[in-house]
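Reader: I have a model open and a few things to ask about it. Can we go through it piece by piece?

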Amino acid sequence: MNTATETVSDDDLRVLAEQLGREPRGVVGIAARCVCGRPTVARTAPRLPDGTPFPTVFYLTHPGAVAAASTLEANGVMKEMTARLESDDELAAEYRKAHEHYLGQREAIAHVDEIAGISAGGMPTRVKCLHVLFAHALAAGPGVNPLGDEALALARDTWSPSRCTC
Ligand SMILES: [Zn+2]
């Protein structure tokens with residue numbers, strides 16, 4: 001993990017607040033950015049300042065990315081991906097590795113008992129949230145979360161991290 005290069009500036013926090021429509025909580029880094037430099041994914045502590053356990057290490061903040069993930073969800077992509085996980089052993093194994101990567105990234109920030117072993121987005125056996133998969137794939141880069149990579153590719157015409165729509 002590259003938290004050393006993920007410094008969160010006051011400007012980042014201001015942009016996150018604008019993107020989320022509320023004050024960002026527990027942000028420890030910016031795990032991915034738009035080509036223009038604005039945050040797309042906030043790396044978030046597994047325990048929020050008020051003590052609440054927070055499983056979503058990689059939180060998708062960019063409104064264009066959030067909308068693109070929502071559109072895919074509305075189009076039944078999650079159901080189709082989950083069905084493939086049940087029939088494709090190789091994909092299931094890669095997705096389990098993605099789950100382990102996610103947990104490792106969280107443990108590198110802090111260990112939180114309440115969510116130990118539980119990642120996010122339905123991993124490791126289901127797809128329940130494409131926003132989580134988008135964020136993980138954007139933060140980790142290609143080749144870590146196969147279904148996150150696929151979801152980003154499916155959304156390419158509406159949103160891509162390499163084309164600024166901020
Ligand atoms: Zn941008």
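Author: One definition to start with: a residue is buried under 20% relative accessible area, exposed over 50%, and partly exposed in between, with a 1.4 Å probe and protein chains only. As for the source, this is a predicted model, in which local features need pLDDT of at least 70 and side-chain atom pairs count only at pLDDT 80 or more, while totals for chains, interfaces and linings use all residues. Residues are numbered from 1 along each chain as its sequence is written, and side-chain values use heavy atoms, with hydrogens and water left out.

Reader: Fine. Is cysteine 34 buried or exposed?

Author: Cysteine 34 is buried, at 5% relative accessibility. Cysteine 36 is partly exposed, at 40%.

Reader: Which protein donors does the zinc ion have?

Author: They are the SG atoms of Cys34, Cys36, Cys164 and Cys166, 2.2 to 2.4 Å from the zinc ion. Donors here are N, O and S atoms within 2.8 Å of the metal (3.2 Å for Na, K and Ca); water is not among the atoms, so sites may look incomplete. Along the chain the donors are spaced C-x1-C-x127-C-x1-C.

Reader: And what are the angles among the four donor atoms?

Author: They run from 103 to 114°, and the site is tetrahedral. Four donors get that label if all angles lie between 85 and 135 degrees. The ideal angle for four tetrahedral donors is 109.5 degrees.

Reader: Switching to charges. How many salt bridges does the structure hold?

Author: Seven. A salt bridge is a side-chain nitrogen of Lys or Arg within 4 Å of a carboxyl oxygen of Asp or Glu. One of them joins arginine 14 and glutamate 18, at 3.9 Å from N to O.

Reader: Where do arginine 14 and glutamate 18 lie?

Author: Both are in helix α1 (residues 10–20), four residues apart, about one turn of the helix. Helices (H or I, at least four residues) and strands (E, at least two) are DSSP runs, numbered from the N terminus. Since an α-helix has 3.6 residues a turn, residues three or four places apart point the same way. Arginine 14 is partly exposed at 48%, and glutamate 18 is partly exposed at 48%. They also belong to a network of salt bridges that links Asp11, Arg14, Glu18 and Arg38.

Reader: While we are on α1, which of its residues are buried?

Author: Asp12, Val15, Leu16, Ala17 and Gln19. They pack against β1 (27–33), β2 and α2 (63–74), where contact means heavy atoms within 4.5 Å. Just after α1, glycine 21 has a positive phi of about 75°.

Reader: Back to the salt bridges. What does glutamate 114 pair with?

Author: Arginine 47, at 3.0 Å from N to O. Glutamate 114 is in the loop between α4 (89–107) and α5 (130–140), and arginine 47 is in the loop between β2 (39–44) and β3 (58–60), so the pair ties together parts 67 residues apart in sequence. Glutamate 114 is partly exposed at 46%, as is arginine 47 at 36%.

Reader: And arginine 84, what does that bridge to?

Author: Glutamate 80, with the closest N and O atoms 3.4 Å apart.

Reader: Now the rings. How many aromatic pairs are there?

Author: Two. Rings of Phe, Tyr and Trp (its six-membered ring) pair if their centres lie within 6.5 Å; planes under 30 degrees apart are stacked, over 60 edge-to-face, and the rest tilted. Phenylalanine 54 and tyrosine 59 have ring centres 6.0 Å apart and planes at 35°, so that pair is tilted. Phenylalanine 58 and tyrosine 102 have centres 5.5 Å apart and planes at 90°, so that pair is edge-to-face. Phenylalanine 58 is in strand β3 and tyrosine 102 in helix α4, so the pair ties together parts 44 residues apart in sequence.

Reader: Are phenylalanine 58 and tyrosine 102 buried or exposed?

Author: Phenylalanine 58 is buried at 1%, and tyrosine 102 is buried at 0%.

Reader: Last one. Where is asparagine 145?

Author: In the loop between α5 and α6 (146–155). Asparagine 145 is buried, at 1% relative accessibility.

Reader: What does the side chain of asparagine 145 reach?

Author: The backbone nitrogen of glycine 148, at 2.9 Å. A polar contact of 3.0 Å also joins the side chains of asparagine 145 and histidine 136. A polar contact is a pair of N or O atoms within 3.5 Å; within protein, one must be able to donate a hydrogen and the other to accept it, and residues adjacent in sequence count only if both atoms are side-chain atoms.

Terms used. Four donors count as tetrahedral if all angles lie between 85 and 135 degrees; four count as square planar and six as octahedral if opposite donors are over 155 degrees apart and all others between 65 and 115; anything else is irregular.
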